[in-house]
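Please open the structure in your viewer and keep the selection tool at hand. The tour below goes from one selection to the next and says what is there.

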Amino acid sequence: MTSSTTRARRVLLAATAAVVLPLGLTACGGDDGGSDKKSDKKSEQSESSPKETDNKQDMAMDTFGDACKTVPKSGKGSFKGMAQDPVATAASNNPQLSTLVDAVKKAGLVDTLNSAKDITVFAPTNDAFKKIPKADLDKVMSDKEMLKKVLTYHVVGEPLDKAKLADGTYPTLEKQELTTKGSGDAYKVNDSANVACGNVKTANATVHIIDTVLMPPKK
């Protein structure tokens, strides 16, 4: 083999390597880019997952009070479940409020409460009703007009969040006023009822669950 032939082969091999090497690097670079894109896509999907969205919605409810621990964790009576229904319907799914729901039905206020917009309801628990002497409670529960008067005194025609409970006086649907005061997670209504679980959201109302039934002032 002549030296000229050997040199020619070396030049040919070098030229071939010069062409093949960039092509190989380009292919590798394409694979890396595809991997990055797939990784980014998975990351985006993870960020918008339904589970994470649900957690954010639950945190946004911002309920407060020791009695909130007794609210069911799932189902229609949970915070998330109650948020889907208008207030009278939502209350009917909460086991703490069964006496109140019965009273609302007897007073004929289900449609009134469910169709109202942006109201606040101070909702007495079953134990709150038990504080009333049985004879007195039976009397009120059997008198539709009196019952309606008592229940509408628990409803304010505007949304009241925690900040507005600190020191306020608000007209009720019964036409007389109630007062609120407190700080932190401790609030009272009319200096008599404690907010046991506050800022519970329903589709059309803010609900503050209270431990005492409010009685309208005598005119």
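Helices, in this tour, are DSSP runs of H or I with at least four residues, numbered from the N terminus. What you have on screen is a predicted model, and its protein chain has 10 helices and seven strands. Of the 219 residues of the chain, 35% count as buried.

Begin by selecting residues 98-106, which form helix α5, together with residues 144-152, which form helix α9. Two packed helices are described by the angle between their axes and the distance between the axes. Here α5 and α9 pack at an angle of about 125°, with their axes 9 Å apart, which makes α5 oblique to α9. The crossing in which α5 passes α9 is left-handed. To see the contact itself, show the side chains of Leu100, Ala103, Val104 and Lys106 on α5, and those of Lys144, Leu147 and Leu151 on α9. Sorted by class, this contact of α5 with α9 has five nonpolar residues, two charged residues and no polar ones.

Stay with α5 and select Leu100, Val101, Ala103 and Val104, which are buried. Because these residues cover an arc of only 160° around the axis, they lie on the same side of α5. If you now display the surroundings, you will find that the buried residues of α5 pack against α4 (87-92), α6 (110-115), β1 (119-124), α7 (126-130), α8 (134-141) and α9.

Most residues other than glycine have a negative phi. With that in mind, select aspartate 118, in the loop between α6 and β1, which is not a glycine and yet has a positive phi of about 55°. Aspartate 118 is exposed, since its relative accessible area is 52% and the cut-off for exposed is over 50%.

Which residue other than glycine has a positive phi near 90°? To find lysine 175, the residue in question, go to the loop between β3 (167-171) and β4 (177-183). Lysine 175 is exposed as well, with a relative accessible area of 70%.

As a last stop, select lysine 218, in the segment after β7 (205-210). At 84% relative accessibility, lysine 218 counts as exposed.

Methods:
Residues are numbered from 1 along each chain as its sequence is written. This is a predicted model: local features need pLDDT of at least 70, side-chain atom pairs count only at pLDDT 80 or more; totals for chains, interfaces and linings use all residues. Side-chain values use heavy atoms; hydrogens and water are left out. Axes are lines fitted to C-alpha atoms, for helices over the stretch in contact, and angles run from 0 to 180 degrees between N-to-C directions. Helices (H or I, at least four residues) and strands (E, at least two) are DSSP runs, numbered from the N terminus. Angles under 35 degrees count as roughly parallel, over 145 as roughly antiparallel, 65 to 115 as roughly perpendicular and the rest as oblique. A crossing is left-handed if the near helix is turned anticlockwise from the far one by less than a right angle, and right-handed if clockwise. Contact means heavy atoms within 4.5 Å. Ala, Val, Leu, Ile, Met, Phe, Trp, Tyr, Cys and Pro count as nonpolar, Asp, Glu, Lys and Arg as charged, and the others, Gly among them, as polar. Buried means under 20% relative accessible area, exposed over 50%, partly exposed in between (1.4 Å probe, protein chains only). The arc is that of the directions from the helix axis to the C-beta atoms.
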